[in-house]
Amino acid sequence: QVKKIDHKHPITIGWSKAKAAENLKETVDLVSYHFYEPMENFKNSHQKLTEKVSKPIVVQEFGLSSYNGLWNPFGADVTEQAKYHKYMQQQFSKSNINFVSWTLYDFPEIPSEVAGSLPWRKKKQTAFGFIDFEGNEKPAFEFIE
């Protein structure tokens with residue numbers, strides 16, 4: 001439907017996982033997906049997708065929440081978040097992979113429409129940023145490229 005209106009701009013859909021990104025590879029102009037799995041899974045996951053897709057691929061979102069409070073007591077902290085981003089940037093650079101980081105700022109509140117109403121899902125979504133609520137750069141900020 002979009003192509004009927006706009007023939008000029010490339011079209012994609014941000015799938016939730018690399019495996020799912022294969023679904024419409026014949027329909028979109030470039031294939032994109034989100035990566036929120038453990039960083040050690042990235043190389044294998046991305047490689048499998050590149051073997052099945054001949055179009056440009058973009059890692060459209062990726063990141064690690066630094067929230068490890070009441071609703072996620074064993075979650076990552078800002079140091080682990082920085083290690084994650086450092087590793088991912090190394091992979092992107094080494095293999096010339098297109099990407100978009102998620103997200104610049106932490107969010108003070110997440111609408112239920114975005115992540116549901118369960119606090120253990122919503123709270124984790126608040127802390128993916130490179131900059132915290134007060135405007136301070138988190139350690140991961142060093143790895144924005």
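Is Asp 106 buried or exposed? Asp 106 is buried, at a relative accessible area of 8%, where buried means under 20%, exposed over 50% and partly exposed in between, with a 1.4 Å probe and protein chains only.

Some ground rules. This is a predicted model, in which local features need pLDDT of at least 70, side-chain atom pairs count only at pLDDT 80 or more, and totals for chains, interfaces and linings use all residues. Residues are numbered from 1 along each chain as its sequence is written, and side-chain values use heavy atoms, with hydrogens and water left out.

Back to Asp 106. Its place is the loop between β4 (98-99) and α4; helices (H or I, at least four residues) and strands (E, at least two) are DSSP runs numbered from the N terminus. The Asp 106 side chain makes a polar contact with the side chain of Lys 138, at 2.9 Å. A polar contact is a pair of N or O atoms within 3.5 Å; within protein, one must be able to donate a hydrogen and the other to accept it, and residues adjacent in sequence count only if both atoms are side-chain atoms.

Lys 138 also has a polar contact, side chain to side chain, with Ser 66, at 2.8 Å. Ser 66 sits in the loop between β3 (57-62) and α3 and counts as buried at 11% relative accessibility. Leaving aside neighbours within four places in sequence, Ser 66 is in contact (heavy atoms within 4.5 Å) with residues including Ala 76, Asp 77 and Ala 127.

Now the pockets. A pocket is an open set of points on a 1 Å grid over the protein atoms alone, where a 1.4 Å probe fits, with protein on both sides within 12 Å along at least five of seven lines; lining residues have an atom within 4 Å of a point. A volume is the space filled by probe spheres set on the points, and grid points are joined across faces, edges and corners.

The largest pocket has a volume of about 640 Å³. Of its 27 lining residues, the closest to the centre are Tyr 36, Gly 63, Lys 124, Gln 125 and Phe 128. α5 gives the most to this lining, four residues.

The second largest pocket has a volume of about 180 Å³. Elements giving two or more residues to its lining are α2 (42-52) and α3, and α2 gives the most, with five.
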